[in-house]
Amino acid sequence: MKLRKQVTVCGGAIFCVAVFSLYLMLDRVQHDPARRQNGGNFPRSQISVLQNRIEQLEQLLEENHQIISHIKDSVMELTDTGAVSPSGHLPFRSANGSWVLPFDGRPTFLAVKPQDCQSALGSHGQADVQMLDVYSILKFDNPDGGVWKQGFEITYEADEWDNEPLQVFVVPHSHNDPGWIKTFDKYFTDQTQHILNNIVVKLPEDPRRKFIWSEISFFAKWWETADTYKQEAMRKLILGGQLEIVTGGWVMTDEANSHYFAMIDQLIEGHQWLERNIGVTPRSGWAVDPFGHSATMSYLLKKANLTSMLIQRVHYSIKKHFASTRSLEFMWRQAWDTGSKTDIFCHMMPFYSYDVPHTCGPDPKICCQFDFKRLPGGRINCPWKVPPKPVVEANVAERANLLLDQYRKKSKLYRSKVLLVPLGDDFRYDKALEWDQQFNNYQKLFDYMNSHPELHVQAQFGTLTDYFSAVYKAKGVAQGSRPPEFPVLSGDFFAYADREDHYWTGYFTSRPFYKSLDRILESHLRGAEILYSLAVASARHVGMEGRYPISDYALLVDARQTVGLFQHHDAITGTAKENVVVDYGTRLLRSLIGLKRVIINAAHFLVMKNKDFYRFYQTEPFLETDDRRATQDSLPQRTLIELDPAGPRYLVLFNPIEQERLCVVTVLVNTVRVRVLTEDGQTLPVQLSAQWSSASQMSAEVFEATFMVRLPALGLAVFHLYDSADSPLTLRSDTLLRLSGRGTSARALDPLPVRSQQAEPQTFFISSQALTLGFSGTTGLLESIKRKDDPQEIKVQIQFMVYGTRPSKDKSGAYLFLPDGKAKPYNQKEPPVVRVVEGPLFSEVVAYYQHFQQTIRIHNVPGVDGLSIEITTAVDIRDQTNKELAMRLVTDIQSGDVFYTDLNGFQMQPRRHLMKLPLQANFYPMPSQAYIQDSNNRLTLHTAQALGVTSLESGQLEVIMDRRLMQDDNRGLGQGLKDNKKTTNRFRLLLERRSIGNMMMDSATTSFPSILSHMTNSFLNHEVLPLPVLPKRRGVPPLETFAPLKSILPCDFHLVNLRSIHSQKDPHAPSAYTALILHRLALDCGLEAQNLGFNCTTSQGQLSVSGLFRTLDLQLLQPMSLTLMHPSTPLTNDSSISLDPMEISAFKLKLR
């Protein structure tokens, strides 16, 4: 009866909505002036007016039709089981074995406008150089190039510079790693502070001396300890142009594993520090050491208003090709850009390294003689056995001509007669003596060159921007503009090889434990920033800022700087020494604990129904955290909620994503007598399961309670948990242990039943309302996926594989992947124990192997959470030697040699598996997802941590899960990878059907996820945080749901951050301003639309910010550059802002 009543109500609702919508349409067509203006002025003839109106009506009918059909689908989902509960109670199990749940009651619709879709074919701005094409044409052979081993012989005519002399800019620099062989603090104490002290003393000795500096993490630490005299001297050098800050990020970020959230955040942190303390804005990017380069970085630098950039670590074959076509300087354009808005001028260094032997010209034997730190008697020498000589009157002519010959040869590789010559190396210029050796000897060489007009050269020290400015001037274009004839390039520079077949693809996975912890910290940082900004604005709004712990801002700053530090190219990459890794881990954990405090304190204030009852006690938190970590390298332990018959426990759930979220949540409780109620007293269905400590051992004290919730966007919802004997909606999971007859038996602890049986080889299944999964009876691993509405079962087989390393002297290490051939199947003597858990809200299969245990879970809820498969793999290879464990997906998708990986969680990059390259060269970074597709299906693997990925055969995707390597790989680290941890790698697997219209050729250069795929990634990376309210002796004051958004955000908008801006006066306090950073997602609408479980509409990139936040007033809306350094004119507060697909934009808000 209940069911029929619900169906009737829904049917009635559909009819009402339909009639009302049609009425509104006619009304809108008559009264909407905006629609009328679309056609320009009033059409001359009434016929065209009618025609327009008919078209508008058709469009509205189409939109209405979509909404109605979604409501219908929602009702169908309710009724299509065709089952009526025997007892009248929901949930219950129907005849076909599927569970029927109480209907969530709110139909949802999907209304993505066709204009908001990116066609996979697309009309992109044409680039002259497309990196995928470069890969296709290059042989990747490695002939001996003579003195320039990886290049070719360079020749020139003596008179080439007669009309336009060669301008040489020698740029002194010191590359400071914020942690690598030593920790950040140890490097600072031993070396970096001396380098910065020397800058202050040695640069003013001669106004012609120049220097560049990049890492603000070190610079800020020096500034804090420097006296005001030193600070003033440093500021004067920067403002006077002798010292240039290049890039100006907190670190020189890794570009493979870093997520764009963190890349932006560390850039803001550095730039904001510079603005507050120096008053300077970086203009040029400098990235000499990241191991490969991403197009995301060029986009972010462009959005931060930098005009030029430099890169260095690029595959030697690509460098050679670019040198031979004089394409080492180019405009770097995003592949998806339809114009030239994203272009940024980029300089690629041509030779092997950024050290002095490889920067003056093609012959390192000669260039080394001009690294005056290597003068005889010093601690380092020239491996080519010819030492430098001090420059004196007697040899200056010979020395200057020898060096000028190198300069001229290097200059032949570029299109202008302006030459960049970096002069530096790791941690250089830490001794006053080196300053004198380098600067005095070079000045003599410059003086000689410049005083001999027949040499046609003008040489000097310069900064990076001095060089770029001279190039623009020589070519007669404005700063940052494209010089005539310079090529436009799109694509990226992975994978990197520095010599032979030494591909730097191992670091895409190295130390996955910390790659995962980094992302957890990032999600917490984003969540804490948003809640803190909203709580402080709300406190100001009600005049309570005096009672709110605004001092939590210091915890946010600490976490920003920790996240920033960890993006360094030896940190997140997993390529630092073991003790340095521990130092990073300790910092990550400290900041995570701090952020949990910020979140708890903000949530406490925001859920108080009556703010007068709000009291903050530093020592007595109102809420508990969701989990705890004992040490920096241990996995989290979830918080246990102890229920008490005396009264309810309250639970606050935080949803950090910007859309309403329908999902299942699991908490730990101390009893099976559990009842969960919403804030308004509705009882929720609960699935009760055991907490397992091993394959067959369950806990008698701790149980898992899983329930379905609908949470407001960016909001906090309150739930009540009771210890209650009578709860018909609490159902127990059905658990089956599949054993291999080897004496293991399940110890069932009443009250949770467990059955066990002999494992049979045939396939077994679990299913939900959306999916049926098949598993191998032998391995317990996934074999197939079938979608509810698809007759076709798709083969998706999970296999585990193992790579060894080479027997030769060059072996895999932290950086390099040098496998001993193809992977071999993982095998163990004992068959696995497999546990199958089924219930109304989720079903899962857990397979226990010696070196990993894999959990595959599906959620029986409508929307995003129920449409993908959750995969959790706990990996432990601490007893292995020189082994790498891979997870391979084998499918019958006809993907050929093409697969897609993301760059920094920001954009998708098509890849091609190339047989001409060695196996290890076909691996790419996968920070957030990878997919394969054919004309019918797309299979996406979403990941919660950066790992290396490839597709070695059609229909395959393969991910390296962890690597344990016993030796160094000769790149300076001096250690293998032996500090493996027990690591949990988390994924979501999404199978989508491509719609009929998508059978055309896929674009070779761009591809985009669907809206469902974007949301799936958000769900995976931004988990719901369950925060239990601590029991209070005086009772808990009334709490209420906090739903900050007044209107729904278009579902192609992602809120990257809502970041409180520093006060100018006190660096540990916030100002009244907040940075709103938005990213408009690009959508591929060629995948079948699904019910997402929330109302999803798009708006052609329009958003009204003033109508966004409930209860807060918007007092300023000002567009800014990405790092908030360049303000634009403030908009009126009621303005709409507009973003193009893929665009990231920042705005300065004043909310109160």
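Buried here means under 20% relative accessible area, exposed means over 50%, and partly exposed is anything in between (1.4 Å probe, protein chains only). This is a predicted model, so to speak of local features we need pLDDT of at least 70, side-chain atom pairs count only at pLDDT 80 or more, and totals for chains, interfaces and linings use all residues. Residues are numbered from 1 along each chain as its sequence is written, and side-chain values use heavy atoms, with hydrogens and water left out.

**View 1. The whole protein, before zooming in.** Of its 1152 residues, 62% count as buried. The accessible surface is about 42600 Å², and carbon and sulfur atoms own 52% of that (Shrake-Rupley method, 1.4 Å probe; for residues, only the protein chains shown count as cover). Take the contacts (heavy atoms within 4.5 Å) with a separation of 6 or more: 76% of them are between residues 24 or more positions apart.

**View 2. Gln-369 and its surroundings.** Gln-369 sits in the loop between helix 11 (364–367) and helix 12 (396–411), and it is buried at 7% relative accessible area. Its side chain makes a polar contact with the side chain of Arg-399 at 3.1 Å. For that term, count a pair of N or O atoms within 3.5 Å; within protein, one must be able to donate a hydrogen and the other to accept it, and residues adjacent in sequence count only if both atoms are side-chain atoms. A polar atom of the Gln-369 side chain also lies 3.1 Å from the backbone oxygen of Lys-365. Setting aside neighbours within four places in sequence, Gln-369 touches several residues, including Cys-382, Val-386, Pro-387 and Leu-402.

**View 3. Salt bridges, one pair at a time.** The rule asks for a side-chain nitrogen of Lys or Arg within 4 Å of a carboxyl oxygen of Asp or Glu, and by it the count comes to 59 salt bridges. Lys-186 and Asp-190 meet at 2.9 Å, N to O. They are four residues apart in helix 5 (residues 184–202), so about one helical turn separates them. Lys-186 is partly exposed at 45%, and Asp-190 is partly exposed at 29%. Lys-431 and Asp-430 pair up at 3.6 Å, N to O; here Lys-431 is partly exposed at 48%, while Asp-430 is buried at 12%.

View 4. Glu-660 and Arg-710 meet at 2.8 Å, N to O. This pair links distant parts of the chain, 50 residues apart: Glu-660 is in the loop between strand 18 (649–654) and strand 19 (661–669), and Arg-710 is in strand 23 (residues 698–711). Glu-660 is partly exposed at 24%, whereas Arg-710 is buried at 14%. Elsewhere, salt bridges tie Asp-371, Lys-373, Arg-374, Arg-428 and Glu-434 into a network.

View 5. The strands run in the order 4-14-10-11-9-8, with mixed pairing (two strands pair if DSSP finds at least two bridges between them). Strand 4 (129–130) and strand 8 (284–287) are at the edges with a single partner strand each, so one side of each has no neighbour in the sheet. Strand 4 and strand 14 (residues 488–490) run parallel and are joined by two bridges; Val-129 has Leu-489 as its bridge partner.
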